[in-house]
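This briefing covers cavities, helix packing and backbone geometry, in that order. Please consult the sequence and the model shown below while reading.

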Amino acid sequence: MKLCFLVEELYRNDGMPLDVARRLSSWGHQVDVMRPGGSLLRVSEEVRAGTHDAWVLKTVSGGPGLALLEAAAAVGLTTVNDARAIRAVRDKVLTSVVARQHGLPVPVTYSAPRATMFADVPDELFPLVVKPVDGSSGRGVRLVADPRGLAGAERAGEGQLIAQPHVPNSGTDLKVYCLAGEFHATLRRSPIHPEGPADEGPVPLSAEVAAVAEEVGKVFGLDLYGIDVVLGPDGPVIVDINDFPSFRRVPDAVTRVAGAVLELARTGGSAGAGVPAPAPPVPARLQIPLGRPRPQIAPGPGAGMPVAVPGVVQI
């Protein structure tokens with residue numbers, strides 16, 4: 001196959017996805033790597049030529065690579081992850097709206113251009129987790145205990161922010177990765193609990209969390225993605241969704257991701273199957289069935305699907 005990897009400048013030296021491109025090359029596939037934002041590209045001809053079997057994007061929020069991926073899709077080329085799906089999860093406000101509309105367990109979300117404006121959030125929803133709308137990799141995430149702490153949470157040049165009620169948890173995030181239908185889970189110390197447990201690594205994935213992760217892919221039309229989950233007193237709660245994440249600590253991640261890219265390039269993934277991304281209005285909150293057999297995930301305890309965290313104003 002002939003593949004085109006669009007790699008933003010932030011990831012130009014990262015193993016993910018460059019090691020994936022190298023692995024695909026070692027298997028005999030032709031892989032071209034383009035650097036939108038870091039090199040001169042004859043974009044109209046590259047896209048219109050249509051010589052690549054699939055286009056793959058590793059982007060930052062607002063990066064130029066997404067426009068190229070959208071251009072490739074617009075002329076009928078296969079993309080790994082639908083560009084509309086990537087946009088939907090790159091804007092955390094939009095992510096919250098779509099996720100809660102579809103019954104996914106996501107906290108009530110507030111948005112404002114400055115942290116001090118969250119003083120109008122009801123006191124009973126504090127402490128708040130505040131982070132940039134376009135943030136990634138834990139950048140800019142902070143915990144604000146009460147309205148008095150909002151002034152100290154101000155940071156210059158961050159742009160639009162979101163705030164969500166903090167979900168009590170053990171101090172670790174559960175990172176769930178999906179590779180074309182194959183699910184893996186790892187534990188990671190939370191960026192807002194640096195004093196939390198340091199025992200990071202792969203863990204079994206319960207049927208309850210697996211069902212939530214699978215539903216994220218269906219709702220947003222994603223095939224290669226990750227979600228950050230905290231296990232709160234009422235069950236799993238999604239605190240972030242990422243297209244093409246790091247797949248950190250996934251066993252043999254490079255080979256697995258390379259295989260998933262080939263599979264999606266051949267089949268077209270959700271886009272090829274006609275799955276919308278994201279779907280607009282639904283008549284009622286979805287009930288996610290649990291415990292569906294999937295040979296790729298480890299069995300674990302699972303109870304009923306948790307409801308979304310309650311709040312006064314729902315976005």
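The largest cavity is lined by Lys92, Thr95, Ser96, Val106, Lys131, Ile162, Gln164, Ile238, Val239, Asp240 and Ile241. The model is predicted: local features need pLDDT of at least 70, side-chain atom pairs count only at pLDDT 80 or more, and totals for chains, interfaces and linings use all residues. Residues are numbered from 1 along each chain as its sequence is written, and side-chain values use heavy atoms, with hydrogens and water left out.

**Cavities**

- A cavity is a set of points, on a 1 Å grid over the protein atoms alone, where a 1.4 Å probe fits but cannot get out; lining residues have an atom within 4 Å of a point.
- Three cavities of 30 Å³ or more are found in a search of the whole structure.
- The volume of the largest cavity is about 100 Å³, a volume being the space filled by probe spheres set on the points, which are joined across faces, edges and corners.
- Two or more residues of this lining come from each of α5 (92–101), β8 (161–165) and β13 (235–243); helices (H or I, at least four residues) and strands (E, at least two) are DSSP runs, numbered from the N terminus.
- Strand β13 gives the largest share of the lining, four residues.
- The lining of the largest cavity has five nonpolar, three polar and three charged residues, where Ala, Val, Leu, Ile, Met, Phe, Trp, Tyr, Cys and Pro count as nonpolar, Asp, Glu, Lys and Arg as charged, and the others, Gly among them, as polar.

**Packing of α1 and α7**

- Helix α1 (residues 15–26) packs on helix α7 (residues 253–267) at an angle of about 70°, and their axes lie 9 Å apart; axes are lines fitted to C-alpha atoms over the stretch in contact, and angles run from 0 to 180 degrees between N-to-C directions.
- The two helices, α1 and α7, are therefore roughly perpendicular, a class that covers 65 to 115 degrees.
- The contact (heavy atoms within 4.5 Å) involves Met16, Asp19, Val20, Arg23 and Leu24 of α1, together with Ala253, Val254, Thr255, Val257, Ala258, Val261 and Leu262 of α7.
- Nine nonpolar, one polar and two charged residues form this contact of α1 with α7.

**Backbone geometry**

- Met16 and Pro17 are joined by a cis peptide bond with omega near 25°, and Pro17 is found in helix α1.
- The peptide bond between Phe126 and Pro127 is cis, with omega about 0°; Pro127 is in the loop between β5 (110–112) and β6 (128–132).
- Phe247, a residue other than glycine, has a positive phi near 55°, and Phe247 is in the loop between β13 and α7.

Note on methods
Parallel < 35°, antiparallel > 145°, perpendicular 65-115°, else oblique. 1 Å grid on protein atoms, 1.4 Å probe; cavity = no way out; pocket = protein on both sides within 12 Å on 5 of 7 lines; lining within 4 Å.
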